Amino acid sequence: MLPTTSVNSRSQGNGALSSRDAARHTAGAKRYKYLRRLFHFRQMDFEFALWQMLYLFTSPQRVYRNFHYRKQTKDQWARDDPAFLVLLSIWLCVSTVGFGFVLDMGFFETIKLLLWVVFIDCVGVGLLIATLMWFISNKYLVKQQNRDYDVEWGYAFDVHLNAFYPLLVILHFIQLFFINYVIISDSVIGYFVGNTLWLIAIGYYIYVTFLGYSALPFLKNTAVLLYPFALLIMLYLISLACGWNFTKMLCSFYKYRVK
């Protein structure tokens with residue numbers, strides 16, 4: 001789970017890590033410690049995880065400043081506490097059940113929808129995006145003078161979870177109050193409201209992702225991660241001009257998948 005590795009900072013006088021330090025700072029050791037804590041709820045700081053969820057909406061920069069603090073105190077950028085992941089999973093399940101209720105799905109259809117959203121929309125797409133961002137950041141964004149540092153895959157997945165949470169709340173919670181009575185109607189206001197919520201949700205995802213990588217001091221040119229905003233706005237304007245209702249299309253897709 002350690003997103004950066006600096007050999008010089010933890011080396012001994014002869015330039016080599018002690019066996020104890022080397023074992024403690026490996027990605028495998030960090031991952032084992034993280035997964036082990038999933039079964040010890042009393043060791044999780046749910047209050048702090050809730051704080052992060054709140055500030056991912058109001059001031060996401062503060063969340064990443066805490067990542068800096070973790071790096072200074074625990075020598076790792078990524079979370080060592082799975083409380084955020086646990087709360088996100090609970091929120092994902094509850095919101096998906098609400099989504100199934102609004103779409104008038106039966107019990108088994110809602111279970112199928114839940115499995116699809118969890119393992120495809122969240123985990124599957126998340127693994128793909130995290131891997132892609134991990135490759136791009138290490139290949140093109142690491143500063144030439146800091147080749148001793150690299151972005152670990154665990155941190156890339158953490159950034160995805162941070163960015164996914166606001167998107168989830170907007171599309172799987174706030175949007176639910178407008179689907180049946182406003183969004184899926186054939187009126188102009190329907191696809192305007194629905195597509196605007198999509199614009200805000202995906203815009204949040206792009207921005208929080210940008211903040212995650214710009215927080216790493218050994219990366220350069222992270223502003224390029226904001227470039228998808230131009231494509232997003234262009235697609236939004238085209239959808240309004242063509243009357244393309246993203247939410248209505250998504251609802252039809254979900255209903256087709258759970259049949």
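Trainee: In which helix is Leu127 found?

Mentor: The model is a predicted one. In this model, Leu127 belongs to helix α6, residues 107-141.

Trainee: Is Leu127 buried, partly exposed or exposed?

Mentor: Buried means under 20% relative accessible area and exposed means over 50%, with partly exposed in between. Leu127 counts as partly exposed because its relative accessibility is 36%.

Trainee: Which residues make a nonpolar surface patch with Leu127?

Mentor: Phe107, Phe108, Ile111, Leu115, Phe119, Ile120, Val123 and Val125 form the patch together with Leu127, and its area is about 850 Å².

Trainee: How should I read the spacing of positions along a helix?

Mentor: An α-helix has 3.6 residues a turn, so residues three or four places apart point the same way. In α6, the buried residues include Thr110, Leu114, Val117, Cys122, Gly126, Ala130 and Met133.

Trainee: Against which helices do the buried residues of α6 pack?

Mentor: They pack against α5 (83-102), α7 (153-172), α9 (188-214) and α11 (246-257). His172 counts as buried because its relative accessibility is 8%. Among the residues that His172 touches are Val117, Phe99 and Tyr254.

Trainee: Where does α6 bend?

Mentor: The bend is at Val117 and amounts to about 30°.

Trainee: What does the UniProt annotation "transmembrane region" cover?

Mentor: According to the unreviewed UniProt entry, the annotation covers several spans, including 114-136 and 163-184. Residues 114-136 are 100% helix, with end C-alpha atoms 31 Å apart. Residues 163-184 are 68% helix, and their end C-alpha atoms lie 26 Å apart.

How values were computed
Residues numbered from 1 in each chain as written. Predicted model: local features only at pLDDT ≥ 70, side-chain atom pairs only at ≥ 80, totals over all residues. Heavy atoms only, no water. Patch = residues over 30% accessible without salt bridge, like charges linked within 9 Å, V, L, I, M, F, W, Y side chains within 5 Å. Areas by Shrake-Rupley, 256 points an atom, 1.4 Å probe, with all protein chains shown as cover. Salt bridge = Lys/Arg side-chain N within 4 Å of Asp/Glu carboxyl O. Helix = DSSP H or I, 4+ residues; strand = E, 2+ residues; numbered from the N terminus. Buried < 20%, exposed > 50% of the residue type's maximum accessible area, 1.4 Å probe, protein only. Bend = angle between axes of the 7 residues up to and from the residue. Contact = heavy atoms within 4.5 Å. UniProt positions renumbered as here; feature names shortened; annotations may be inferred.
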